[in-house]
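Dear colleague,

I am passing on the structure below, together with some notes on what was found in it. Please look through it before reading on.

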Amino acid sequence: MTTDSKWGKETLRQMLLIRNFEETADKLTLRGKVPGGMHNSSGQEAVAVGVMSALDPKDVIATTHRSHHHTIAKGMPVNIVMAELFTKATGCSGGRGASMHLADVENGHFGGNGIVGAGVGIAMGAALGIKQMGHKKVAVGFVGDGGVNTGRTWEAVNMAVIYKLPLIIIVDNNQYAVETFVERVTGGNDIAKRGAGFGLPSFTIDGQDVEEVHKHTSEARNRALAGEGPTFINALTYRYYGHNVGEKGQYRTQEEIADWRSHRDPIDRFSAKLISEGALTQADYEAMINSVAKEIEEAVDFAEKSPLPDVSTILDGVDSGLLGARK
Amino acid sequence: MTSRLLTYKDAINEALRQEMQADSRVFLIGEDVAGGAGRDEFPGATDAWGGPFGVTKGLVTEFGRERVIDSLLAETGFVGACIGAAFAGLRPVAEIMYADFLGTSFDQILNHAAKLRFTYGGISSIPLVIRTVTGAGFRAASEHSQMLISIYSHVPGLKVIAPSNAFDAKGLLISAIRDPDPVIFMEHKRLYMRESMVPEAPYAIPIGKGDIKRIGNSITIVGVQKMVNTALDAANILEKEGIHAEVIDPRSYSPLDIELICESVEKTGFLLIVDESHPRCSIASDISSQVVDRAFASLKGPIKMLTGLHTPVPYSPPLEDFFIPSVNEVVRYCTSMIKGENIVNRY
């Protein structure tokens, strides 16, 4: 199927933006500019952009510890994301949460967090709220392949089914839970079949194909809006870097990583398709790469120049402060 | 007994190795404890990692996957399994990657591990150790930085240990593994690379015995885990000002060696408790109230607590650094207390 040129270019641009963001942030973390660590999503762009391009800006997402790609695809400006990684006061969470706690609740980003499998429950609750309030939108809960082995994920899936909630569960399945290979710890080794066991439409799809991710998410969204309840999508993808910055794992071969990078890279695949279809010229593509790089450079500059949070604010935001309860 | 410098991390590794050698019932289970359960056909996959801090590195090579089990991300499942395995006669040592993740298995710990001996008539043992990682200062955000010693010490039926150095870590972990009851063994992530002299042979430090890390007669400072080191650094500065601080490391928080603390307070008359945890309903407030109850007459001034703040641990470095009590703050508190000056609490 031929890709719509305008949609295709924007989709590609977003994937490039995420890739550049991640590779830049990774280097800055190694250099100590970004304090602590971060979870690089390079390789997983098509899942984030494929899902988000099928959503309405009003739709809600809740995500995981590895969420830069979801957050950028959801529309948070990269300078705000970068500033949060730098733990600056201008970051989306004021530097209090950093890489794992990107959120913008007002704009439908119900946040990432550092607890495995927690995002699906939060998204399921968002879907419950959407249904009760009669809104015409959906919620998307992201979980990793590690999270599909936690009980809480399946409690949430079951509730979404029995309450017929407008929820889409996306397994951003990069195949390694930290350093543990998914097949080694996943009984039955068919995550979509588990979903199907709860009585909802359940698919395993190619998470490196942004159009396939988009199509499945769109169909799921239509079912959800039609009151038909949740959908479960297991998107097979791959992360190119370690679980955390600087990790030099020996749990997978260099050949395996190289194979995914050279044969299944979501950006290479999609850009080649657009170019072969005439929707994009090589010159357009190079201009796009340069413009994205400039955008990330500006984001780094913004983050570097932003102030750190003032120590006097340390107690702000622990609670609503309505009772003055600060002790 | 031959001793050598060993890191806290390696001392824990050695305790695990020696107890596993000595007792075939001891096994480890936790996320990535084997070092990433990669595919067997990949070179290096059998012992790649040993957890995020490398604490269990090498153990799978010696003891095999049957006794060093890479669990999935399912704390409720594997902590629950450890209770059953302990009943069945094994000696499980579970690892929860960060103490914060204990939340996921809290029900298993709170309602089963802690209570079943009592509720089943006081006969059946649950010889279970749950090792986990505490502490702030690692730029790891609010769900990877908590102490939580207080929460577990609140629960009857659990023993809670939080060593401040490699020597104590080895001896106390050996005791924990040999203990017939469930033990929560807290390892501070900022202490892993710190060295001290550690004997090569196995040795056991009794659970529930505190330790005087520095003798003094001007003021008693009780440090909680890493704060023991902060207190010792402060004591060196105070010494130059003629203040001889006595530094106590409780080491075990349940049971707590309150007698040792009270004896010290009876000698010094002043007590400062330094804990990086939140201030309310905490191990620091518990020690304070017990000392008031037992040794009030010895006090020459109010007991003070220098703690973390009543806020989740913030990520941004200036905020996180402010959150953790500093050496300078300990010095300031001690000098003011001895002079009888009023100290405004920072929380």
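How many salt bridges are there between chain B and chain A? The count is zero, where a salt bridge is a side-chain nitrogen of Lys or Arg within 4 Å of a carboxyl oxygen of Asp or Glu.

This is a predicted model, in which local features need pLDDT of at least 70 and side-chain atom pairs count only at pLDDT 80 or more, while totals for chains, interfaces and linings use all residues. Residues are numbered from 1 along each chain as its sequence is written, chains are lettered from A and ligands numbered from 1 in the order of writing, and side-chain values use heavy atoms, leaving out hydrogens and water.

At the interface, 40 residues of chain B are in contact with 42 residues of chain A (heavy atoms within 4.5 Å). The area buried between the two chains is about 3400 Å², of which carbon and sulfur atoms give 65%; this is the accessible area (1.4 Å probe) lost on putting the two parts together, summed over both.

Within chain B, five strands form an open sheet of mixed pairing, in the order E9-E11-E10-E13-E14; strands here are DSSP runs (E, at least two residues) numbered from the N terminus, and two of them pair if DSSP finds at least two bridges between them. Its edge strands, each pairing on one side only, are E9 (211–214) and E14 (304–307) of chain B. Strand E10 (residues 219–223) of chain B runs parallel to strand E11 (residues 245–249) of chain B and is joined to it by four bridges, and Ile219(B) has Ala245(B) as its bridge partner in E11(B).
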